[in-house]
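Please find below a short note for colleagues who have the coordinates open.

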Amino acid sequence: MSLVGPLLLATFLFCVGIYGVIARRNAVLVLISVELMLNAVNINLVAFQNLLFPDELAVSGLMFALFIIGVAAAEVGVGLAIVFNMFRNRASVNVDDVDLMRW
Amino acid sequence: MEALLDYAWLVVVLPLASAVAITAFGKNLPWKGSELGIASLAISWVLSVLIAYQTFIMSPMEEPVEFSYEWAPMGSEFVFELGMLVDGLTAVMLLLVTTVSLMVHIYSREYMHGEKRFTYFFAMLSLFTFSMLLLVIANNLVQAVVGWELVGVCSYLLIGFYWEEKSNQDAANKAFLTTKFADIGLIVGVVVLSAGMFGLDTSTPFNIREINAAATAGELSTTTVVLGMLMIFLGCMAKSGQMPLHVWLPDAMAGPTPVSALIHAATMVTAGVFVLARLFPVLAQSLVVMNVIAVVGVITLFFGGLLALVQDDIKKVLAYSTVSQLGYMVAAIGVGGYTASVFHLFTHGFFKALLFLGAGSLIHAVHSNNMSDMGGMAKAMPYTFVTFIIGTLALAGFPLTAGFFSKDEILIAGEIWAGAGFATGHLVYWVGIAAAFVTTFYMARACFLIFAGESRSHHPPHESGKQMVGPLVVLAVLSIASGYIFSPVWTAEQNFETWTETEFITEETVYPFAADADDAAEDQGEAVGTPGGIQGDGVLAAGSEPSVLAAAEDGELTVLHGAPTWHFDLLALLLVVFFAAVGVAWKFYGKGPPDRDPTMQMGRVTTVLVNKYGFDEFGYRFIVVPVRDTMSRAASYSSNVLIDGAVSGVGRMTKNAAFATYRVLDQKVIDGGVNGAAFSAAWWSERLKRTQSGNVQRYAAALVAGTIVLVVAFAAAT
């Protein structure tokens, strides 16, 4: 089984995620873009697991992918909480408005 | 009693203490400080007498008392000493100096009475006495030079005592500069001698006894001896008024008369003779040195005496007489008359001090130095008259006075020297007799002008007080008595000669060059060194008296001539000379001063004498003028332009360099660096702070960019 398809897909997703993180102004969309990047990694992990150890389902790659999904869920929870607070304080979810750490 | 000699330094230190004390609080004392000087000198005198007695009964001293401590250790075991050397010669000088100084101190109390610098005068007298004693007691040449220079300074200060008058200042400067010039010779000579000593195994190359020992042992090279002693003799020439460096001595009479008596007649001017006597074992190594000394002495004793003929100032007469007598002493050294020279130094000190103090008494009475203002003083001043006449007789060498014994001794020394085949001996003998005529004549002239005839004074003359007459009487007694110390009345075992002999000059000491000369002389005439040989030379010596010629016996010329004996032939000759001179003087001056002084009518001779042989003129034209007008200008130029220019140039350069350093290095480089660092930090921070935008997305973009760069770099590396 060729790796080209999954890797291309992962790359595409990762690039979309990076673009979203850097370019989008909406904080919710930035969070979603982060999820895209994590998923690109998951695809990579599953693809290589499939290629290298096709018979050992209990090991490594798949487990990593599951952990990442869990961590991503927690991350989204924290991230959304921050976004809510932000919205509550400023009535906006535009990340450009949040520059308190400026010089 | 012998332990007393260990305390001889007290004699020296006491006058110093008195000089200091007089300076410190003399003015507040009832006698204005003079009592301190007289008291300290009296103690010194008593000590000197005891020391003299002690050394005399111990004479000949096998081992002189020497005592010194390290003054300045110079490293590598080379030491400057400060010490004392007490033997007969030292004792004689101590006795002479303290006696005359004490007399002068007492005399000055009355003579200087009412002077505004009375206390200063006594301080200087005491300081001078200390300096002179320091010189005579020195056990090494460095200390002797120190004393020598100190007496020069005191002499300078006392000649210029009446400094309000320009001529007195000039006289002081002349004296100081003339002697100072020759002192260079003395110092060079001392260095040359000690340089010769450095090669030998000694840590004290300046020690007089060691130098004498080395010289007698023949360890000093001929060059060292000749050069060293000639240089030292140059110093002695100026100090002891030998021609042509005597020119300062007559001018030195500008000082107060007691000063003339003490410094310029009795003590300081004999310092040169003393040094020559001290180093006699060294100079006796070289015939060249002795001949030079003899010739200079002979020239001085004759031509110096002639100058006294044309003087009207009584002090000038005595000054030239001093020059002449010093010539006798130096000439005696030059013809091996060591004892005779020291003896004449000793007696001359007394009678010349007497004459000067007598002259001071006269001057005090008539308020003038000139003999033309005196006359007829015999009646008014009987004590002064009698003592002055005694001094004159002693100076003229009248039989049985001190001068007779000492001057004859010099002539006999010349005779013995001639007998050994040295021409300078004849010179000293015959010129000495001729100068005796001159001496007698000018002294007789002075006495007739002063004491005979009618008074020409504007002040009625009066006898001086007790304090002036007392010293005159004492010195008059000494002027007769001091001669008997070396007369036939003493035993052969103990007399002046054994007293002043040192361990290097003993009965057996022979001149190193005498053996050759004897041989040479024996080749020419026969049996030189026997009485007959001397008679063959045409000298009227007592050939039948063997002990006269003891020194020349057995063909050996020893330094000591043995016990003195009577020389009736010489006595007769000198008596004839004496009476001839007095007779001639009586003819011209006996009946009051002639309208036209015959000494002023000798044509060319008078001109030459009045011009003092042109020495002063020569000195003025070729030394004073060039030095004053050319050298002083050059010195001023070098000082004001060259040295000051160099100094201020260096100052300016330093200032400019400092300013340049300040402007460039400090302001630009260092300050610029520091400020620049600060400014650049501010400039960069202003720009770099913009990256801290607070915009998270930019940070993320930067992160991504960095990651990409790293990935690409790793990819490229692999």
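1. Basis. This is a predicted model, in which local features need pLDDT of at least 70 and side-chain atom pairs count only at pLDDT 80 or more, while totals for chains, interfaces and linings use all residues. Residues are numbered from 1 along each chain as its sequence is written, and chains are lettered from A and ligands numbered from 1 in the order in which they are written.

2. Overall form of chain B. Chain B has 27 helices and 2 strands (DSSP runs numbered from the N terminus: helices H or I of at least four residues, strands E of at least two). Its radius of gyration is 36 Å, well over the 27 Å that the globule rule gives for 718 residues, so chain B is more spread out than a compact globule (taken over C-alpha atoms; the rule is 2.2 Å times the number of residues to the power 0.38). Along the principal axes, the C-alpha atoms of chain B fill a box of roughly 145 × 65 × 55 Å.

3. Burial and core. Of the 718 residues in chain B, 53% are buried (20 or more other C-beta atoms within 10 Å of the residue's own; exposed means 12 or fewer, partly exposed in between; C-beta atoms are placed from the backbone). The largest nonpolar core has 223 residues, and Leu276(B) and Ile333(B) are among those with the most contacts inside it (a core is a set of buried Ala, Val, Leu, Ile, Met, Phe, Trp, Tyr and Cys residues joined through C-beta atoms within 7 Å). Helix α15 (residues 338–366) of chain B gives the most to this core, with 18 residues.

4. Helix α11. In helix α11 (residues 271–278) of chain B, 8 of 8 residues are buried, including Phe274(B) and Arg278(B). Leu276(B), also in α11(B), touches Phe233(B), Cys236(B), Leu283(B) and Ile333(B), leaving aside residues up to four places away in sequence.

5. Interface. Contacts (C-beta atoms, placed from the backbone, within 7 Å) link 10 residues of chain A with 10 residues of chain B.

6. Backbone. The peptide bond from Met243(B) to Pro244(B) is cis, with omega near 0°; Pro244(B) is in the loop between α8 (222–239) and α9 (248–251) of chain B. Ala91(A), in the segment after α3 (61–90) of chain A, has a positive phi of about 60°. Ala91(A) is exposed, with 8 other C-beta atoms within 10 Å.

Conventions: Two residues are in contact if their C-beta atoms, placed from the backbone, lie within 7 Å.
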